Amino acid sequence: MFSITLIALIIMTISFIVMILASILSKKTLVDREKSSPFECGFDPKSSSRLPFSLRFFLITIIFLIFDVEIALILPMIIIFKFSNMMIWTSTSIIFILILLGGLYHEWNQGMLNWSN
C-alpha cells in the first residue's frame, strides 16, 4: 500500500507539471504593433491619452464615494432599530446625520457642487 505522503507527493508533482505546461502553452510570444497601440473606434488617436483631466471630476467621485458609504452605514441602523435601546439609537442616528449634513454644507459652501465654473 502507498503511504499518504507518497500519494500527496504524486498529486503535487502532477499538478505542478500541468501548471507548467499550461503556462508554456498559453504564452503569447509575438508582440503585435497593432494590438499594443491604443484603439479609438478604429481611428488613430488624435491626441495623447495622458492629458490632465479636470479635478472637479475627481472631487465629484470622492463625494459620491462618501455618500455611497453613508448609505451602507445607514441601512444597518434601520435593521437594528428593533433590537437596540431607543435613546441610544436616536442619539447615534441624529449625530451621524448631523455630521453628514455638516459635510454636505461644507461642500456646498466651498463650491464643490457648482458646475457653472
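Of the 117 residues in the protein, 7% count as buried; the model is a predicted one.

Me: Which element of the protein has the lowest mean pLDDT?
Reply: Across the protein the pLDDT averages 80, and 74% of the residues score at least 70. The elements run α-α-α-α from the N terminus on, with four helices and zero strands. Among these elements the highest mean, 90, belongs to helix α1 (residues 4-26), while the lowest, 66, belongs to helix α2 (residues 33-36). Where pLDDT is low, the predicted coordinates should not be read in detail, a caution to keep in mind for the element asked about, helix α2.

Me: How far apart are the end C-alpha atoms of residues 86-105?
Reply: An unreviewed UniProt entry places the feature "transmembrane region" at residues 6-25, 57-80 and 86-105. In the model, residues 6-25 are 100% helix and 0% strand, with end C-alpha atoms 29 Å apart. Residues 86-105 are likewise 100% helix and 0% strand, and the distance between their end C-alpha atoms is 28 Å.

Me: Is phenylalanine 64 buried or exposed?
Reply: Phenylalanine 64 lies in helix α3, which covers residues 55-79. A nonpolar surface patch with about 840 Å² of accessible area together is formed by Phe53, Leu55, Phe57, Phe58, Ile62, Phe64, Leu65 and Ile66. Because the relative accessibility of phenylalanine 64 is 52% and the cut-off is over 50%, this residue counts as exposed.

Me: What is the angle between the planes of phenylalanine 81 and tryptophan 89?
Reply: A search of the whole structure finds one aromatic pair. Phenylalanine 81 and tryptophan 89 form this pair, 4.7 Å centre to centre and edge-to-face. Phenylalanine 81 itself counts as partly exposed, at 37% relative accessibility. The angle between the two planes is 70 degrees.

Definitions and conventions
Residues are numbered from 1 along each chain as its sequence is written. This is a predicted model: local features need pLDDT of at least 70, side-chain atom pairs count only at pLDDT 80 or more; totals for chains, interfaces and linings use all residues. Side-chain values use heavy atoms; hydrogens and water are left out. UniProt positions are given in the numbering used here, feature names are shortened, and annotations may be inferred rather than shown by experiment. Helices (H or I, at least four residues) and strands (E, at least two) are DSSP runs, numbered from the N terminus. pLDDT is the predictor's confidence in each residue, from 0 to 100. Patches are made of residues with over 30% relative accessible area and no salt bridge: like charges are joined within 9 Å, nonpolar side chains (Val, Leu, Ile, Met, Phe, Trp, Tyr) within 5 Å. Accessible areas come from the Shrake-Rupley method with a 1.4 Å probe; for residues, only the protein chains shown count as cover. A salt bridge is a side-chain nitrogen of Lys or Arg within 4 Å of a carboxyl oxygen of Asp or Glu. Buried means under 20% relative accessible area, exposed over 50%, partly exposed in between (1.4 Å probe, protein chains only). Rings of Phe, Tyr and Trp (its six-membered ring) pair if their centres lie within 6.5 Å; planes under 30 degrees apart count as stacked, over 60 as edge-to-face and the rest as tilted.
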